[in-house]
Each structure stands twice: as C-alpha cells, then as structure tokens.
Amino acid sequence: MAGEDPEVGDVQTRAGAPVRPRNDPRQYDDLADEWWRPDGVFAMLHWLAAARAGLVPAATRPDAVLVDVGCGAGLLAPHLAGRGYRHVGVDLTRSALAQAAGHGVVAVNGDAAALPLADRCADVVAAGELLEHVPDWRAAVAEACRVLRPGGTLVLDTLNDTVLSRLVAVRLAERVRGVPRGIHDPRLFVDARALVAECARHGVALRVRGIRPAVPGLLRWLVHQAAASGSGPIGGAGDGGAGRGRRAPRIVPTWSTAVLYQGRGVKRG
Ligand SMILES: C[S@@+](CC[C@H](N)C(=O)[O-])C[C@H]1O[C@@H](n2cnc3c(N)ncnc32)[C@H](O)[C@@H]1O
C-alpha cells in the first residue's frame, strides 16, 4: 500500500523501525523506549494524561478502582498519585504493560473490546487516546460501560472523525519532528456525536469538549524540538528530563471538537 494515499498506506514510525501497516499495535513495541521520555515521540500523551487526570473525581470510598483501558506504559499513574485509586491498566501491548507495572499500575493483558474484568468493578474508567486505535470502538465503549459501576465516571479523549482531524492529526502532525508516523489510521477516528449516542445507550451521559495544546507552550516545545534536532536525545539522560515541567504544553479546552476532544460522563445508577 506504500505510495498510495499517505493517510492509509504502510509507514515507518521512525527511521530504522520496520515498515508497518497504520495502527499496527507492534508499533508500540518498536517505540517502547519512548514512552517515558517527556520530549520523546509520545510527548503529547504526557500532556493529555495530565489533562485527563483533571477529569477524574476524588475517590469516594476506600479501595476505589480506576480501570485505565489502553493504559500503555501507565502515563496516567503519576497524576493519580495520592488520589485514592487502585490503578488497574488493561492493554494489548505487553512491553507497555511491563513499564506500567513499574509505575504502580496493576497490569492486565487484554483487549478493550473484551475486557477480562468483572461487571461493575470500576469506580472510574479512563480511556485515553484509545478509541481511535480500536477496530470496533463501539465494542470498547460497551465494555468500558459494562465494567463501570452505577454512579461511576467514564473519562476519555480521542480524535474526531472529521476532515480537519485527518489533516491536523495525520497529514500535518506526522511531518513534525518527534511525532511518530503511522500510529494513527484515520479510518478509525471516532465521530463525537456517535460516541455520545453510544455511551447513552449504555447508561452513561457523556459530555464532550474540544481540547488542544495551549499555543505558547506548543510553540516553545516545537522550537525546542527544532533546536535539539541533531543534538542527540532530548529529555533523556542528557537533561535528566529537566525540560518536562518547564516546557510541557498544557492541554486547554477549545470551542471546537473537530480534532481532539475529551469526554466525561456518569453512569446511571
Ligand atoms: C496512543 S496509546 C495511549 C496509551 C495511554 N492511554 C496514554 O494515553 O498514554 C494507545 C494504547 O492503546 C493500546 N491498544 C490499542 N488497541 C487496543 C485494544 N484493542 N485493546 C487494548 N489496548 C489497545 C495500545 O497498545 C497503546 O498502548
């Protein structure tokens, strides 16, 4: 498929990595050493995890459980520290789960479309940057809602199924140094209205809002990425990750859900 539509053809996530079909989960193994580099190719996942954690309510009972579907390497974990949750992460990718476990996550290997968890076991279900990677996002939503207890909270963020989203998240973003190529298959992007309707079918009244990186922080980050180009790894051993707090852009609400959006909803109960 290489050489056909660049939005759907096979790609290389970075130089030296194997050529893979878009959204091939093996890409997360290829990029396993990138997860916890604050300025690495998953930098934006760090920013989004901080924003997602802001939607998680305070735990209302001892032993409260937060199920993090598609947890990756557990980037949400530092933002939940001291919040009273047992953080259970489910993911397809074992190399990511091993890293999540190292950050205190109870790591479970499984598919978002068939969670190996009991009904109503979770006080909170988080699904950050997951649904746009799942071939059947409706099945993943049904599962997230199944494991959520009545009165529990669903929090998520994903990419909308729009022309603008394809342009920004695939065609433009993949030209930026430090953004992996081929991690998204835009054919899997999730229409926000359809997602709200699907959650409602499963008893969760989801409210969505558009989000984006704050412009000054994003510009600083892009300048830093450009300046660091060719000068070796950034945010790793070289600067001890010291740039994280100073440079990490904040994720802020925006008026349009056309590209990236967050959702939060409580399950009827
Ligand atoms: C973009 S990453 C997001 C990771 C994490 N939620 C975060 O925000 O840092 C997508 C994650 O979803 C996982 N994933 C993709 N499809 C999945 C599926 N069907 N079931 C479970 N995990 C899946 C991948 O292995 C990867 O770790």
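Helices (H or I, at least four residues) and strands (E, at least two) are taken as DSSP runs and numbered from the N terminus, and on this basis Thr-153 is found in strand β7. The structure is a predicted model, in which local features need pLDDT of at least 70 and side-chain atom pairs count only at pLDDT 80 or more, whereas totals for chains, interfaces and linings use all residues. Residues are numbered from 1 along each chain as its sequence is written.

Thr-153 is buried, with 20 other C-beta atoms within 10 Å; a residue counts as buried if 20 or more other C-beta atoms, placed from the backbone, lie within 10 Å of its own, as exposed if 12 or fewer do, and as partly exposed in between. Residues up to four places away in sequence being set aside, Thr-153 touches Pro-57, Val-124, Arg-264 and Val-266, contact being defined by C-beta atoms, placed from the backbone, that lie within 7 Å. Thr-153 and Leu-55, although 98 residues apart in sequence, are 9.1 Å apart in space, C-alpha to C-alpha.

Strand β7 belongs to an open sheet of 8 strands with mixed pairing, in the order β5-β4-β3-β6-β7-β10-β8-β9, where two strands pair if DSSP finds at least two bridges between them. Because β5 (106-109) and β9 (251-254) each have a single partner strand, they stand at the edges, and one side of each is left without a neighbour in the sheet. Within this sheet, strand β8 (residues 204-213) and strand β10 (residues 260-267) pair in the antiparallel sense over 8 bridges, and Gly-210 stands opposite Tyr-261 in β10. Helix α7 (residues 192-201) lies across β7 (148-159), β8 and β10 and runs at about 150 degrees to β8; axes are lines fitted to C-alpha atoms, for helices over the stretch in contact, and angles run from 0 to 180 degrees between N-to-C directions.

Helix α2 (residues 43-53) is largely enclosed by the rest of the structure, because 8 of its 11 residues are buried, among them His-46, Trp-47 and Arg-52. The cover over the buried residues of α2 includes α3 (77-80), β6 (122-128), β7, β8, β9 and β10. Helix α2 also contributes 3 residues, the largest share, to the shell around the ligand.

That shell comprises 21 residues, of which Gly-70, Gly-72, Thr-93, Ala-112 and Gly-128 are the closest, a residue being near a molecule if its C-beta atom, placed from the backbone, lies within 6 Å of it.

Conventions: Two residues are in contact if their C-beta atoms, placed from the backbone, lie within 7 Å.
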